[in-house]
Amino acid sequence: MSRKRSENENDSGPVTPHVPVDRFGVLKQEHGNSPERFSSKSRLASSTDHDREERKVRKWRKMIGVGGSDWKHYVRRKPNVVKRRIRKGIPDRLRGLVWQLISGSRDLLLMNPGVYEQLVIYETSASELDIIRDISRTFPSHVFFQKRHGPGQRSLYNVLKAYSVYDRDVGYVQGMGFIAGLLLLYMSEEDAFWLLVALLKGAVHAPMEGLYHAGLPLVQQYLFQLENLVREVIPKLGEHFTEEMINPSMYASQWFITVFSYSFPFPLALRIWDVFLSEGVKIVFKVGLALLNYCQEELVKLPFEKLIHALKVFPEDAMNPDTLLPLAYSIKVSKRLEELKVDYEKTIAKPESCVIHAPSFSTVLSFKVLLFPESSRSGLRVSFDIWIKEFLERRNS
């Protein structure tokens, strides 16, 4: 039933030979047969990258052992080495196995034999029609999920349906599809399901399920924390956001709901996920702050309307993992996040503040609009445009 995969495989589903894709299976644009594509310099760089990757794989194999047998022992002996190597990027061919090891999902799988099969085959979910409706909207540019009712879409349906039965309080929320889809590119259905459980239930780090509960309570907390961090870490930009009445719900909801898997380039998203599974949600804050800081000189020049667009589409150089991630690692947020969490809990505990911290129209719309492709969200797009117009009229009156 599950799409099985060994630790050495890096197969992301069937690829049609004539369709140009990148190394991650994402459709790419043809750039013609330019001389640069076939230059000796380009071939040499490719060969050098391959040799470097092979050396990296050998180091990781020694570290994790056969099937991950040495992992826990190595982590106890050399935690700093493990942290440093994860931050440099897990080898792609070993990524699926390592993700399971660092997330705690491998242990959940071994402790619950047969549970996933039971959930998929013998249980029914109230969310089945919603899942079917949304399947084609998840990674539409990836070859594994493109074929209607193909192996990718079937696997994604099975994982999401199984989770909606496993945790009926959360059920199914559309943003979960991007997380499950990303996991399925690196592991079997059953492995992906248990990693989703590990994340949402908090096998290693704080539970993520609050991201998908009614009212998006954890999203609201994270946006509160991010807004304060922007003001403190990037005060010039924070002041500009205040002047233009920009709040994080207008641009950062999807950062947390999909952990950057929705809109970020795969090379960057995967490197972030390596660290996210190892170190927790603080990397989302670090990357967000690093990205805003990197682009702040341009952002502070923009008025509200252009800011909204710029905060959704960042320049290509800002999305280079070797540029952005070292900046993110240099930002310290752990202590301040804890302090801001306490502040947020005190704020929402006050009865008079409940209305203020309920999900705003912009939060809900940015969540919904982000997850629907243009062809099927025209109504939401119009609603959002009307809201922006009314917002500007109120602000300027």
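Student: In which helix is Ser-155 found?
Tutor: Helices here are DSSP runs of H or I with at least four residues, numbered from the N terminus. Ser-155 is in α9, residues 151–166. This is a predicted model, where local features need pLDDT of at least 70, side-chain atom pairs count only at pLDDT 80 or more, and totals for chains, interfaces and linings use all residues. Residues are numbered from 1 along each chain as its sequence is written, and side-chain values use heavy atoms, with hydrogens and water left out.

Student: Is Ser-155 buried or exposed?
Tutor: Buried means under 20% relative accessible area, exposed over 50%, and partly exposed in between, with a 1.4 Å probe and protein chains only. Ser-155 counts as buried because its relative accessibility is 4%. Leaving aside neighbours within four places in sequence, Ser-155 is in contact (heavy atoms within 4.5 Å) with Leu-184 and Glu-189.

Student: How many residues does the largest nonpolar core have?
Tutor: In soluble globular proteins, nonpolar side chains tend to be buried together. A nonpolar core is a set of buried Ala, Val, Leu, Ile, Met, Phe, Trp, Tyr and Cys residues joined through side-chain atoms within 4.5 Å. The largest one has 119 residues, and Trp-99, Trp-255 and Leu-292 have the most contacts inside it. Helix α16 (residues 282–299) supplies the largest share of this core, ten residues. Beyond four places in sequence, the contacts of Leu-292 include Val-230, Phe-241, Trp-255 and Phe-314.

Student: How many cavities of 30 Å³ or more does a search of the whole structure find?
Tutor: Rolling a probe the size of a water molecule over the atoms shows where empty space is left. On a 1 Å grid over the protein atoms alone, a cavity is a set of points where a 1.4 Å probe fits but cannot get out; a pocket is an open set with protein on both sides within 12 Å along at least five of seven lines; lining residues have an atom within 4 Å of a point. Points are joined across faces, edges and corners, and a volume is the space filled by probe spheres set on them. The search finds two such cavities.

Student: Where does the largest pocket lie?
Tutor: Domain 1 (52–100) and domain 3 (217–396), with bounds from an automatic or database domain assignment, both give residues to its lining, so the largest pocket lies between them. Its volume is about 1200 Å³. Of its 27 lining residues, Arg-23, Glu-53, Lys-56, Arg-271 and Asp-322 are the closest to its centre. Helix α1 gives the most to this lining, nine residues.

Methods: Helices (H or I, at least four residues) and strands (E, at least two) are DSSP runs, numbered from the N terminus.
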